[in-house]
Amino acid sequence: MSRYLVRRLGFVVLTVFLTSIVIFSVIQVLPGDVARVILGREAGQAAVDQLRQELGLDLPAPVRYLRWIADFVRGAWGESFSLRTAVLPLVARRLSNSLLLAAVVLGLAVPLSVGLGVMAGLRQDSFLDNVVSMGSLALVGLPEFVTGLVLIQVFALQLGLFPASSSLADSSGLGGKIAQLILPSLTAALVLLGYLARLTRAQVIEESGKPYVRTAVLKGLPRRTVILRHILRNALMPTVTVVAISFGWLLSGLIVIEAVFNYPGLGSLLVFAVSRRDLPVIQAISMLAVVGYALANLSADLVYAALNPRLRLE
Amino acid sequence: MSASQGGRSRFRQAVAILFQQRSSAIGTSITLIFVLAALFGPVVAPYGLNQQLTSATFQPPSLAHWFGTDQLGRDVFSRVLLGARDILAFAGVGTLLAIILGATIGLFSGYTGGVVDEIIMRAFDGLLALPAMLLALLLLASLASSDLSVIIVLVVVYTPIVARVVRSVVLSVKELAYVRAARLQGEGLGWILYRAILPATYPALAVEGALRFSYAIFLIASLGFLGIGFQPPSDNWGMMVSDARQLTSAAPWALYFPAAAIAVVVVGVNLLADGLKRIAQTPPDPRS
């Protein structure tokens with residue numbers, strides 16, 4: 001078990017390291033001079049050169065990488081080009097909003113999709129199964145902004161049940177905040193639902209056909225016990241991993257969803273920063289995303305190890 | 001039996017399988033319709049992309065304007081039809097380049113093995129640890145907004161995925177007798193990679209290509225919606241949707257039809273990919 005953990009931890013560190021190089025090189029080595037971006041097109045070459053020196057842009061790339069990563073670890077994330085404020089507090093506030101949204105999404109999507117997927121898988125080719133299979137396929141194909149706009153149209157503009165914008169600005173207390181969270185989290189949950197329900201269904205069908213399940217049925221175990229103790233235990237293992245992996249996917253989706261609903265999270269900040277070429281903000285958010293993704297993978301490994309005795313013995 | 005005859009009957013068998021199942025038949029038909037729209041859209045579209053009919057603004061869908069008109073009197077049907085070429089061409093070119101580059105890297109990396117393989121695969125791990133949308137935004141933040149940038153984004157995002165898929169096929173066939181025979185015969189690396197091993201990856205490549213194509217449409221539409229990588233005025237469906245957001249009460253059809261076009265084509269290509277997967281798993285008909 002401990003050897004397994006050490007190996008996984010090493011893998012996480014390696015991934016974060018490699019991805020940080022990707023982020024660094026995409027932003028700093030590719031064309032487009034940071035000093036030029038800050039000062040604008042009209043600035044004189046002398047001023048640009050001076051700023052390049054101040055920012056250390058004239059140093060070789062590996063040195064700049066080490067400086068940058070050291071600054072990131074120390075929490076010195078610099079100042080936003082476009083907002084002229086420190087990046088760390090800005091990003092931290094947005095991060096807490098995004099985490100809140102992500103938590104609500106997972107809380108909605110995981111129980112619902114596992115429940116639907118298991119029911120569909122146990123009654124293969126039934127009406128429910130067809131609805132779940134076709135519905136989840138359609139949900140996976142729908143871009144998040146389409147789903148989001150349809151939900152706004154129906155639930156906000158036609159029925160007037162929830163606010164169309166979720167900017168959390170006019171916080172009418174806790175109730176207003178919750179109402180604003182519902183449509184964006186429903187949008188993300190619907191897409192995740194399609195993905196997870198399909199996977200769970202396929203796993204349940206695969207496990208149900210295995211010899212050990214037939215043995216369990218033939219030796220007279222009640223159906224409930226066969227399903228709960230045998231099928232689900234094995235069928236849900238890949239789902240656990242996928243929930244964690246879908247974190248990265250959820251992140252992609254949330255970037256768009258936050259923009260649709262005007263939600264003040266990391267995603268909408270990222271879109272804003274990209275449109276202004278605000279590199280310090282872009283770098284900080286990307287690094288946070290990568291660290292979060294790696295941690296989600298690690299926690300999936302831990303849960304997987306807890307569920308799978310073969311790994312514990314290693 | 002000659003090889004080309006076997007190939008042709010295999011193709012016929014594949015088409016038969018595609019149209020056997022209702023879902024993949026629907027998917028294939030949808031994909032074909034959109035490809036036709038992309039090819040012939042400019043010929044059949046009743047109005048131009050930005051042609052403004054000042055006397056016919058905010059028209060609901062009717063026989064004259066199938067999808068209605070927007071606040072400037074632009075015919076939504078023509079706009080959606082004309083947008084097909086843009087999005088399918090971007091997605092197609094990007095996917096094709098990613099398939100070519102990914103297949104080449106995957107073949108080379110998987111066949112060579114050792115340190116080179118390890119380095120390439122770890123570098124791809126680093127790329128794949130970034131969610132696709134994030135990687136796309138990162139690249140577009142440093143590249144200029146242009147058509148080329150969007151293609152570059154698709155290639156960078158999808159090449160590692162294709163390379164991984166191809167590599168896994170290479171690993172499973174590279175020690176088979178016919179590859180070893182080619183090696184012993186003294187065939188060159190290029191011949192072994194492209195003539196001996198590459199055909200074994202065709203089924204996986206076809207499935208992966210269709211899947212990547214649908215995700216590429218999805219990604220391009222989403223980027224267009226966010227207004228990143230595309231300059232207005234653009235015939236990107238996602239950008240049409242975002243432009244029409246202010247019209248949700250006055251002309252909701254201007255929003256619904258481009259949005260529906262995106263959803264239908266993505267689901268259609270996805271169903272086609274499902275069908276291709278089934279073909280890839282079906283052994284060739286022994287009678288042919």
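Modeller: In what follows, a residue counts as buried under 20% relative accessible area, exposed over 50% and partly exposed in between (1.4 Å probe, protein chains only). Residues are numbered from 1 along each chain as its sequence is written, chains are lettered from A and ligands numbered from 1 in the order in which they are written, and side-chain values use heavy atoms, with hydrogens and water left out.

Colleague: OK, what ipTM and pTM does the predictor give the complex?

Modeller: The complex has an ipTM of 0.82 and a pTM of 0.85. For chain B the mean pLDDT is 83, and 95% of the residues reach 70 or more.

Colleague: Which helix of chain B has the lowest mean pLDDT?

Modeller: That is helix α1 of chain B, residues 3-20, with a mean of 70, whereas helix α6 of chain B, residues 147-173, has the highest, 90. Where pLDDT is low, the predicted coordinates should not be read in detail.

Colleague: And how many helices and strands are there in chain B?

Modeller: Chain B has 10 helices and 0 strands, where helices (H or I, at least four residues) and strands (E, at least two) are DSSP runs numbered from the N terminus. The C-alpha trace of chain B spans about 75 × 50 × 25 Å along its principal axes, and of the 288 residues of this chain 53% count as buried.

Colleague: Switching to the interface, how many residues does each chain bring to the contact?

Modeller: Taking contact as heavy atoms within 4.5 Å, chain A gives 42 residues and chain B gives 41. Together the two chains bury about 3500 Å², with 77% of that on carbon and sulfur atoms; buried area here is the accessible area (1.4 Å probe) that two parts lose on being put together, summed over both.

Colleague: What about salt bridges between chain A and chain B, how many are counted?

Modeller: The count there is 0, with a salt bridge being a side-chain nitrogen of Lys or Arg within 4 Å of a carboxyl oxygen of Asp or Glu. Over all chains, the same rule gives 10 salt bridges.

Colleague: Which element gives the largest share of the side of chain A that touches chain B?

Modeller: The largest share, 9 residues, comes from α1(A). The residues on that side of chain A divide into 31 nonpolar, 8 polar and 3 charged, where Ala, Val, Leu, Ile, Met, Phe, Trp, Tyr, Cys and Pro count as nonpolar, Asp, Glu, Lys and Arg as charged, and the others, Gly among them, as polar.

Colleague: Back to Arg277(A), where is that residue found?

Modeller: Arg277(A) is in the loop between α11 and α12 of chain A, and it has a positive phi of about 55° although it is not a glycine.

Colleague: Which side chain meets Lys210(A) in a salt bridge?

Modeller: The partner is Glu207(A), at 3.2 Å from N to O. Lys210(A) is partly exposed, with a relative accessible area of 31%, while Glu207(A) is buried at 7%.

Colleague: And in chain B, which residue does Glu118(B) pair with?

Modeller: Glu118(B) forms a salt bridge with Arg122(B), the closest N and O atoms being 2.5 Å apart, and both lie in helix α4 of chain B, 4 residues apart, about one turn of the helix. An α-helix has 3.6 residues a turn, so residues three or four places apart point the same way. Arg164(B) forms a salt bridge with Asp125(B), with closest N and O atoms 2.3 Å apart. This second pair links distant parts of the chain, with Arg164(B) in helix α6 of chain B and Asp125(B) in helix α4 of chain B, 39 residues apart. Salt bridges that share partners join Glu118(B), Arg122(B), Asp125(B) and Arg164(B) into one network.

Methods: Predicted model: local features only at pLDDT ≥ 70, side-chain atom pairs only at ≥ 80, totals over all residues. pLDDT = per-residue confidence, 0-100.
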